[in-house]
Every structure is written in C-alpha cells, then in structure tokens.
Amino acid sequence: MATDEPTGAARRPGRPGPGSRPAPDEAEVLRRGVEAFADLGYERASARELARRLGVSHNFINDRYGSKSRFWRAAVDSVLEADQRERERLAGAGLDDAELVRAVIHHFYRSAVEVPLFGRLLADEFGRESERLDHLHEKYVAPTLRPLLPAVERLMAAGRLPLVPVDVLFFAVISPVAGLVQLPLAHRRGRAAPVTRDGQLRTARQLADLIADGLLGRHPES
C-alpha cells in the first residue's frame, strides 16, 4: 500500500544541497516521474533512483512533494488532467450514443500513443490492490465510465451493443492497448521498426476501429 512516509531527511523546500544542480521545471519533473514509475514500477522506484532520473538532489522529492506517494499522485494527475478535459469535451459535444462510445474508444487508444509509458504504468497498477489503484479508479476509470454508462445501457437495450456486464465490456476495450505499449512483442509479430508517432497513431486508429466496429457494427463512413 502507498504511504506518505518521507523519502529522506527533510530540508527546507527550495534550499539546494551542496553541489546540487538546478531542478528541471515542474512539467519536466512530472514527465520524468511518469516515465520512471512506468519503467520501474512503484515499489522499485527508490528515492535515490527517482532523484537520479529526475536530475535532482536526493531530498528533492521530499522537499517538494512530501513523500514518494505524493509525488506519484502529482505525476499521474499531470497526465490525467488533460485527459479528463478531453473526456469532458467529448461528453458535451452533442454526440449520439454510438458516436460517443466510438469517440471515447478512439480517445483512449490515442492517449496511449501520446503518453506511451502511462499505459504501462496503468497496466502495472491495475493488477494489485493499493491506494494508488483507488486513486486511479477515482480520477481516471470512474470519470471515464460515468458519462458513458447511460449511453451504453441505451445501446444494449436497443440491441446495438452486446448485453454483457459492464466490467466485461470495459476489459474488451482496454485490453487491446497492449498492442500500443508491448512493442518488443509487436516487433516480433511483424510491426515495423523504428516506432514513429505517426505509425503509432495509425495503429491506434486501427485498433479503435476494430474494437468499435466489433461492438457497434461497421461505421457508416468506413
């Protein structure tokens, strides 16, 4: 379970230690934090290793954020805030039920391309009970599903979606994101290297269309 225990001896915020380098700006610190947690997993991301990857003194995380767990939340929230704004935009765009479900599926896979290591972080955290999972469910999963549920229920009632439990539908959509983040296996199955953003976005569209068409039927414009 995540704790709020300090990562090192406290020092007044903003007071650098001997020989320390200027800290990267906040956005860069949080971006590197997401990368570190995705690459190492929360438990293996020690304060010393985080500081090395961030390019800061070993007390920086405790001074700035209070603890490793609070730094994890800050890093994750920095990604989720933009994602949440896009979900809210889609929910208020006046789309019909099928268009909304399709748009959210496309957004989900596109997000995995824009922040590729975040998908790895989610996959790691979704598999274990923790306060971090509670945080992800509250800030990411539940807000994603909440505006979708009425649309999904209406589509099921109309025979437009398979009549399955919502958790089954949820995993039918999120599981294929492995095709965007498990790149060593993808290369062994024939995906071209090196990976490019355009190539990943193309794969994301293909995955989204495959899943949405399978659930809703082929899009009229396809």
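Hi everyone, and thanks for coming. A word on ground rules. The model is predicted, so local features need pLDDT of at least 70 and side-chain atom pairs count only at pLDDT 80 or more, while totals for chains, interfaces and linings use all residues. Residues are numbered from 1 along each chain as its sequence is written, and side-chain values use heavy atoms, with hydrogens and water left out.

Let's start with the overall picture. The chain has 12 helices and zero strands; here helices (H or I, at least four residues) and strands (E, at least two) are DSSP runs, numbered from the N terminus. Of the 222 residues in the chain, 43% are buried. Buried means under 20% relative accessible area, exposed means over 50%, and partly exposed is in between, with a 1.4 Å probe and protein chains only. Take the contacts, meaning heavy atoms within 4.5 Å, with a separation of 6 or more: residues 24 or more positions apart account for 74% of them.

Now to helix α1, residues 26-40. Buried residues in α1 include V29, L30, G33 and F37. The buried residues of this helix pack against α2 (47-54), α3 (60-65), α4 (68-91) and α6 (116-125).

Y65 is found in helix α3 and counts as buried because its relative accessible area is 12%. Leaving out residues up to four places away in sequence, Y65 touches E26, V29, L30, F60, R70, F71 and A74.

F71 brings us to the core. A nonpolar core is a set of buried Ala, Val, Leu, Ile, Met, Phe, Trp, Tyr and Cys residues joined through side-chain atoms within 4.5 Å. Which members of the largest one touch the most others? Among its 58 residues, they are F71, I105 and Y109. Helix α5 (residues 97-114) gives the largest share of this core, nine residues. As background, nonpolar side chains tend to be buried together in soluble globular proteins. Beyond its neighbours within four places in sequence, Y109 is in contact with V173, P176, V177, L180, A204, L207, A208 and I211.

On a 1 Å grid over the protein atoms alone, a cavity is a set of points where a 1.4 Å probe fits but cannot get out, and a pocket is an open set with protein on both sides within 12 Å along at least five of seven lines; lining residues have an atom within 4 Å of a point. Points are joined across faces, edges and corners, and a volume is the space filled by probe spheres set on the points.

The largest pocket holds about 850 Å³ of space. Its lining has 41 residues, and F108, L122, Y140, T144 and I174 lie nearest the centre. Helix α5 again provides the largest share of this lining, nine residues. By class, the lining divides into 29 nonpolar, seven polar and five charged residues. For those classes, Ala, Val, Leu, Ile, Met, Phe, Trp, Tyr, Cys and Pro count as nonpolar, Asp, Glu, Lys and Arg as charged, and the others, Gly among them, as polar.

How many cavities of 30 Å³ or more does a search of the whole structure find? One. The largest cavity has about 50 Å³ of space, and its lining is R87, L90, A91, L100, V104, T144, P147 and L148. Here α4 gives the most, with three residues.

H135 sits in helix α7 and counts as buried because its relative accessibility is 14%. H135 and D77 are 58 residues apart in sequence, yet their C-alpha atoms are 9.5 Å apart in space. R205, in helix α12, is partly exposed at 46% relative accessible area. Its C-alpha is separated by 9.4 Å from that of H107, 98 residues away along the chain. Finally, a cis peptide bond joins A193 and P194, with omega about 0°, and P194 lies in the loop between α11 (183-188) and α12 (197-216).
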